[in-house]
Amino acid sequence: PEIHGMEEGIRKAGYRFEAAEVPVEGEPIEGIRLKGKIDRIDRNADGGVAVIDYKTGSADISGSEVIKRGESLQLFIYAMLLKPMGMEAERVGIYSLKDFRIKWVPGPREKRPFSEFIEAALRYLEETVKQLRRGDFLAAPINEQSCRRCHERPYCPYIQK
């Protein structure tokens with residue numbers, strides 16, 4: 001019943017299922033080629049697209065954290081990679097099968113246009129690539145709880161300091 005309710009909420013917002021496991025690839029930054037698979041794409045009557053990522057954990061995404069700290073870049077990069085395929089993303093969402101809820105960015109009270117989230121994601125991606133090229137890639141987790149599940153934990157200078 002919870003999943004039915006979530007699906008009904010998507011439909012009431014004007015979106016319908018379009019495709020699942022959609023491969024995307026492109027070069028968001030010169031010299032950096034990325035590819036991946038989008039879990040789900042929904043489309044509204046105006047042609048706008050919602051990019052949805054299924055999670056077995058909590059729906060944890062924050063528009064302000066995307067802008068301030070580059071959190072959850074993957075979905076925004078995917079949204080950008082859809083453009084050459086003729087799809088204009090309007091929002092991204094985490095579909096939690098644990099909490100039975102969907103967290104959207106931008107959310108219902110968000111004042112920023114979706115393009116600002118894409119721009120922020122690209123800025124953070126570009127900075128990360130620069131750091132990697134300089135050999136500067138020390139761990140800087142957004143959420144230290146994620147360190148508990150990291151397979152590099154025994155060797156990580158961030159944890160061992």
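Reading strands and rings

Me: Which residue stands opposite Arg 40 in strand 3?

Reply: Ile 52 of strand 3 faces Arg 40. This is a predicted model, in which local features need pLDDT of at least 70 and side-chain atom pairs pLDDT 80 or more, while totals for chains, interfaces and linings use all residues. Residues are numbered from 1 along each chain as its sequence is written, and side-chain values use heavy atoms, without hydrogens and water.

Me: How many bridges join strand 2 and strand 3?

Reply: Strands (E, at least two residues) and helices (H or I, at least four) are DSSP runs numbered from the N terminus, and two strands pair if DSSP finds at least two bridges between them. Strand 2 (residues 32-44) and strand 3 (residues 48-55) pair over four bridges, in the antiparallel sense.

Me: What is the strand order in the sheet?

Reply: The order is 1-2-3-4-5, in an open sheet of five strands with mixed pairing. Strand 1 (15-29) and strand 5 (101-105) are the edges, each pairing on one side only.

Me: How many aromatic pairs are there?

Reply: A pair of aromatic rings is described by the distance of the centres and the angle of the planes. Rings of Phe, Tyr and Trp (its six-membered ring) pair with centres within 6.5 Å; planes under 30 degrees apart are stacked, over 60 edge-to-face, the rest tilted. The count is three. Phe 76 and Phe 114 have centres 5.9 Å apart and planes at 35°, so this pair is tilted. Phe 76 is in helix 3 (residues 73-82) and Phe 114 in helix 4, 38 residues apart. Phe 76 and Phe 117 are stacked, at 5.9 Å and 25°.
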